[in-house]
Amino acid sequence: MAYGSKKAPDDGAYRKLKADLAAGRAERLYVLYGEEDYLKSYYLGKLRALCAGPFGELGETVLDAEHVTLDALTDAVDSVPFGSERKLVLVRDYPLMQPKGALKEALPELLAGLPDYICLVFFFEALEFKPDKRLTLYKTLEKHGQLVEFRRAPASDLIPWLKRRFFALGKTIETADCDYMLFLCGSAMTNLVTEVDKIAAGVPGPRIARADIDRLGSRVLEANVFQLTDKLLEGDGAAALALLRDLFDLREEPPVILGAVAAQFRRLYGARLAMDAGKSEQYVADLFGFRSSYPAQLAMRAARRRRLPELRRMQLLCLQADLELKSNNSDPLRTLELLLLRAAEGQA
C-alpha cells in the first residue's frame, strides 16, 4: 500500500551521497533509482549544481534511452567540461542491466575507465531499475560507482519534514495529525508537497487540524479501501457500496480496486491472527510494513469485528471475484458490489 515499507533511504550509498555533496565532492559514476521521486530529483539537482559551470546545464550532456549507443556515450564521457572542472553526463531510463548492441561488451570497460572530470549519472524515473548482482556489469557498477536507492521515508523522517513545510507557510500541525495525513494522502514526498500547499492555502488560521486534512486532502486508494472495509465490517453494506461507486467515479480500474480490497482482507486476517496470539500493535505495524502505528490501530480495530473463519471466507470471495472479472461477460461494478454484499452478510 502507499504507506509502504518502514525502511528509510539510509543505506551507506545514500549517506555517502549526502556527505559528499555537503563537502562539495562527487563520484565519477552514480545510479539513482527507487520509488521516492522527490528525493531522487532533489539529489540529481544537487549533482547538477555541483558540476555546473557559468553556463549551467549547457555544459552537461543528457541522453535519453533511445539515444544511448556506444558512440554517443563514449563521445559524452570523452568530451571535456565546458567552463567547469566537472561535467555531468545524464542518462535517463536506460535498461542498464540489459545493454544492447556494442554496449553489451564495451560498457563494463567504459564505466571502469571514466575520466576524473566526469560525473556519469544513470537516472531511473519511468523505468524501474532491477539490480542483478550476478552480472559482471553490476560488479563494475558497485566497484567504480555508487548505486543509490531512494526508498519511501518512514514517519519518523516525514513528520518533521511535514511540520517544517507547514511552518514555512505560516502554519502549525500536531504530530498525530501529520501521521494521519500520511495515512490519508500517502507517503510520496512529491505528492505531499502539493497536499501541504493546498491544505495550507485552504486554512485561514495558523493551525492545521484533522478536519482540515479530511476536507482538503486527496485520499489515496488505500485510505479509501480502509474506510470501505471498515463500513463493511460494521455491517453498513450501503455505505461500503457508496464508497465503491465513488472509486468507480474516480475511474479507478476494477482489478486495482479488487487488489486493494483483497490486500486489506489479508491484512485483517493477519491482524486477527496476531491479536489472538497476543501480539502488539507494533508487531502488526512491522508485519505489514506500515510506517507508523496508526494504520495498525485501524486494522486491529476492524479485525476484532470478525472471527477468523469469516475473514478467511472474505479472501475466498475475492478469489471468486477475480475469476469473474477475468471472464469475458463480466460486469465489473456488479461483480465488486456482489463481493461486498456477500462479505457483509457472511454469505458464500
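This is a predicted model: local features need pLDDT of at least 70, side-chain atom pairs count only at pLDDT 80 or more; totals for chains, interfaces and linings use all residues.
Residues are numbered from 1 along each chain as its sequence is written, and side-chain values use heavy atoms, with hydrogens and water left out.

First, the overall picture. The protein chain has 16 helices and seven strands; these are DSSP runs numbered from the N terminus, with helices being H or I of at least four residues and strands being E of at least two. Along the principal axes, the C-alpha atoms fill a box of roughly 70 × 55 × 40 Å. Of the 348 residues, 47% count as buried. Buried means under 20% relative accessible area, exposed means over 50%, and partly exposed is in between, using a 1.4 Å probe and protein chains only.

Now the cores. A nonpolar core is a set of buried Ala, Val, Leu, Ile, Met, Phe, Trp, Tyr and Cys residues joined through side-chain atoms within 4.5 Å. The largest one here holds 89 residues, and the members touching the most others are Leu17, Tyr30, Leu32, Leu47, Val121 and Met181. Helix α12, residues 254–276, supplies the largest share of this core, eleven residues. Another core lies apart from it, with 27 residues, among them Leu63, Leu73, Leu96 and Phe122.

Take Leu32. Setting aside neighbours within four places in sequence, its contacts include Leu17, Leu47, Val121 and Phe150; contact means heavy atoms within 4.5 Å.

Leu17 brings us to helix α1, residues 12–22, whose buried residues are Ala13, Tyr14, Leu17, Asp20 and Leu21. They cover an arc of only 130° around the axis, which puts them on the same side of α1; the arc is that of the directions from the helix axis to the C-beta atoms. Arg15 and Ala22, on the other side of α1, are exposed. The buried residues of α1 pack against β1 (29–33), α2 (37–51) and β5 (146–149). After α1 comes Gly24, with a positive phi near 75°.

Next, the rings. How many aromatic pairs does a search of the whole structure find? It finds 13. Rings of Phe, Tyr and Trp (its six-membered ring) pair if their centres lie within 6.5 Å; planes under 30 degrees apart count as stacked, over 60 as edge-to-face and the rest as tilted. Tyr180 and Phe183 have ring centres 6.5 Å apart and planes at 40°, so that pair is tilted. Both sit in helix α7 (residues 175–185), three residues apart, about one turn of the helix. Phe183 also pairs edge-to-face with Phe226, at 5.1 Å centre to centre and 80° between the planes.

Last, Glu60. Glu60 is in the loop between α2 and β2 (61–64). Is Glu60 buried or exposed? Glu60 is buried, with a relative accessible area of 14%. Its side chain makes a polar contact with the side chain of Arg48, at 2.7 Å. A polar contact is a pair of N or O atoms within 3.5 Å; within protein, one must be able to donate a hydrogen and the other to accept it, and residues adjacent in sequence count only if both atoms are side-chain atoms.
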